[in-house]
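This briefing is for a reader who is new to the structure shown below.

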Amino acid sequence: MPVTDQVLEDAILGLLDRRAPGASVCPSDVARAVHRSADEGWRELMEPVRRAAARLAARGLVEVTQRGTPVDPAGARGPVRIRRPAR
C-alpha cells in the first residue's frame, strides 16, 4: 500500500482512537505503524507524519504539543507529540 497523506492521517487518528482520552502519540509511533518493516525506512516518514499532523491540527482534529503544551506545528522544532484536543 502506498503511503499517501490520507494513510498517514488515518494512522494518526487510528492510533489516537486506541489510546486513553488525553493520551498522545509520538510521530515515530505513527511512522513505524505505517512502515511495518524491521528496517529503518520508517525514519523517512517522520517529516510526512509531522505534515499530516499539521493538516489534522488545522482542521481541529488533533493538537501538536511540546512538553504538554499545544504549539503551532509550522514553528515547532524538536520533539513533538500528537493528541486529541481537549473538549
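In this predicted model, helices H2 and H3 are roughly perpendicular to each other, because their angle of about 115° falls in the range of 65 to 115 degrees that counts as such. Their axes lie 9 Å apart, and the crossing is right-handed.

**Helix packing**

- Helix H3 covers residues 46–58, and helix H2 covers residues 27–35.
- On the H2 side, the residues that meet H3 are Pro 27, Ser 28, Val 30 and Ala 31.
- Their counterparts in H3 are Met 46, Val 49 and Arg 50.
- H3 also packs with H1, at an angle of about 75° and with the axes 9 Å apart.
- H1 is therefore roughly perpendicular to H3.
- From H1, the contact with H3 involves Asp 5, Leu 8, Glu 9, Ile 12 and Leu 13.
- From H3, the contact with H1 involves Pro 48, Val 49, Ala 52, Ala 53, Arg 55 and Leu 56.

**A residue in H3**

- Ala 53 is located in helix H3.
- Is Ala 53 buried or exposed? Ala 53 has a relative accessible area of 3%, so it counts as buried, for which the limit is under 20%.
- Leaving aside residues up to four places away in sequence, Ala 53 touches Ile 12, Val 62, Val 64 and Ile 82.
- Ala 53 and Ala 31 are separated by 22 residues in sequence, and their C-alpha atoms are 12 Å apart.

**The sheet**

- Four strands form an open sheet in the order S1-S4-S2-S3, and the pairing is antiparallel.
- S1 and S3 (69–70) are at the edges with a single partner strand each, so one side of each has no neighbour in the sheet.
- Strands of a sheet pair through backbone hydrogen bonds, in either a parallel or an antiparallel way.
- Three bridges connect S2 and S4, which pair in the antiparallel sense.
- Glu 63 has Arg 83 in S4 as its bridge partner.

**Salt bridges**

- How many salt bridges does the model hold? The count comes to seven.
- Arg 83 and Glu 63 also form a salt bridge through their side chains, at 2.7 Å from N to O.
- Arg 83 is in strand S4 and Glu 63 in strand S2 (residues 63–66), so this pair ties together parts that are 20 residues apart in sequence.
- Asp 5, Glu 9, Arg 55 and Arg 59 belong to one network, joined by salt bridges that share partners.
- Another salt bridge joins the side chains of Asp 17 and Arg 84, at 2.6 Å from N to O.
- Asp 17 belongs to helix H1 (residues 5–17) and Arg 84 to the segment after strand S4 (81–83); this pair links distant parts of the chain, 67 residues apart.
- Asp 17 has a relative accessibility of 55% and counts as exposed, whereas Arg 84 is partly exposed at 32%.
- The side chains of Asp 29 and Arg 19 form a salt bridge at 3.5 Å from N to O.
- Asp 29 is partly exposed at 28% relative accessibility, and Arg 19 is partly exposed with a relative accessible area of 32%.

Note on methods:
Residues numbered from 1 in each chain as written. Predicted model: local features only at pLDDT ≥ 70, side-chain atom pairs only at ≥ 80, totals over all residues. Heavy atoms only, no water. Salt bridge = Lys/Arg side-chain N within 4 Å of Asp/Glu carboxyl O. Helix = DSSP H or I, 4+ residues; strand = E, 2+ residues; numbered from the N terminus. Buried < 20%, exposed > 50% of the residue type's maximum accessible area, 1.4 Å probe, protein only. Pairing = 2+ DSSP bridges. Axes fitted to C-alpha atoms, helices over the stretch in contact; angles between N-to-C directions. Parallel < 35°, antiparallel > 145°, perpendicular 65-115°, else oblique. Left-handed = near helix turned anticlockwise from the far one by under 90°. Contact = heavy atoms within 4.5 Å.
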